[in-house]
Amino acid sequence: MASLYEVLGISVGASCVEIKAAYRKLARTYHPDVVAMNQKESSAHQFMMIHSAYSTLSDPEKRAEYDREIYRYKRSAKMASMAGRNQTFSCTGGSGRKWETDQCW
């Protein structure tokens, strides 16, 4: 799933002016009233995603909460990845020593 920043095509450090400009540009492109009849359904879904991203990122409190959630998610994913790497390291080729508990000499 794309982040709200990716939905609007902006960087995480984007200013309020950049957020609004990106939203307006995308809204003019994907608004159901301006697309061809055969694209209305997919356009409506895309427009709702764009509007939701703008709604969150244009409000400083909502944006701060979203950024905290993203940080927590990335951090927990990184920790889970690191936990999966808890491998056995050996200096003598198979002694079964764990690096965390025993230094190799």
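Student: Why are Glu65 and Arg68 said to be separated by about one helical turn?

Tutor: One note before the answer: this is a predicted model. Glu65 and Arg68 sit three residues apart in helix 4, which spans residues 60–83, so about one helical turn lies between them. An α-helix has 3.6 residues a turn, so residues three or four places apart point the same way.

Student: What makes the contact between the side chains of Glu65 and Arg68 a salt bridge?

Tutor: The N to O distance is 2.9 Å. The cut-off is 4 Å between a side-chain nitrogen of Lys or Arg and a carboxyl oxygen of Asp or Glu, so this pair is called a salt bridge.

Student: How many salt bridges does the structure hold?

Tutor: There are two. Besides Glu65 with Arg68, Arg72 pairs with Glu69, with the closest N and O atoms 2.4 Å apart. Arg72 and Glu69 are also in helix 4, three residues apart, or about one turn. Arg72 is partly exposed at 44% relative accessibility, and Glu69 is partly exposed at 39%.

Student: How do you know that helix 4 has close to the expected reach?

Tutor: Helix 4 has 24 residues, and its first and last C-alpha atoms are 34 Å apart. The expected value at 1.5 Å a residue is 34 Å, and the reach is close to that.

Student: What caps the N-terminal end of helix 4?

Tutor: Asp59 does, with a side-chain oxygen 2.9 Å from the backbone nitrogen of Glu61.

Student: On to the rings. How many aromatic pairs does a search of the whole structure find?

Tutor: It finds two. In one of them, the ring centres of Tyr5 and Tyr66 are 6.1 Å apart and the planes make an angle of 50 degrees.

Student: Why is the pair of Tyr5 and Tyr66 called tilted?

Tutor: Planes under 30 degrees apart count as stacked and over 60 as edge-to-face, so 50 degrees makes this pair tilted. Tyr5 belongs to helix 1 and Tyr66 to helix 4, so the pair ties together parts 61 residues apart in sequence. Both Tyr5 and Tyr66 are buried.

Student: What makes the pair of Tyr23 and Tyr54 stacked?

Tutor: The angle between the planes is 15 degrees, with 4.1 Å centre to centre. That angle is under 30 degrees, so the pair counts as stacked. Tyr23 is in helix 2 and Tyr54 in helix 3, 31 residues apart.

Student: Why does Tyr23 count as buried?

Tutor: Its relative accessibility is 15%, and the limit is under 20%, so Tyr23 counts as buried. Leaving aside neighbours within four places in sequence, Tyr23 is in contact with Leu8, Phe47, Ile50, His51 and Tyr54. Tyr23 also belongs to the largest nonpolar core, which has 17 residues, and is listed with Leu8, Ile10, Ile19, Ile50 and Leu57 as touching the most other members. Helices 1, 2 and 3 each supply at least two residues of this core.

Methods:
Residues are numbered from 1 along each chain as its sequence is written. This is a predicted model: local features need pLDDT of at least 70, side-chain atom pairs count only at pLDDT 80 or more; totals for chains, interfaces and linings use all residues. Side-chain values use heavy atoms; hydrogens and water are left out. A nonpolar core is a set of buried Ala, Val, Leu, Ile, Met, Phe, Trp, Tyr and Cys residues joined through side-chain atoms within 4.5 Å. Buried means under 20% relative accessible area, exposed over 50%, partly exposed in between (1.4 Å probe, protein chains only). Helices (H or I, at least four residues) and strands (E, at least two) are DSSP runs, numbered from the N terminus. Contact means heavy atoms within 4.5 Å. The expected span of a helix is 1.5 Å times one less than its number of residues. A polar contact is a pair of N or O atoms within 3.5 Å; within protein, one must be able to donate a hydrogen and the other to accept it, and residues adjacent in sequence count only if both atoms are side-chain atoms. Rings of Phe, Tyr and Trp (its six-membered ring) pair if their centres lie within 6.5 Å; planes under 30 degrees apart count as stacked, over 60 as edge-to-face and the rest as tilted.
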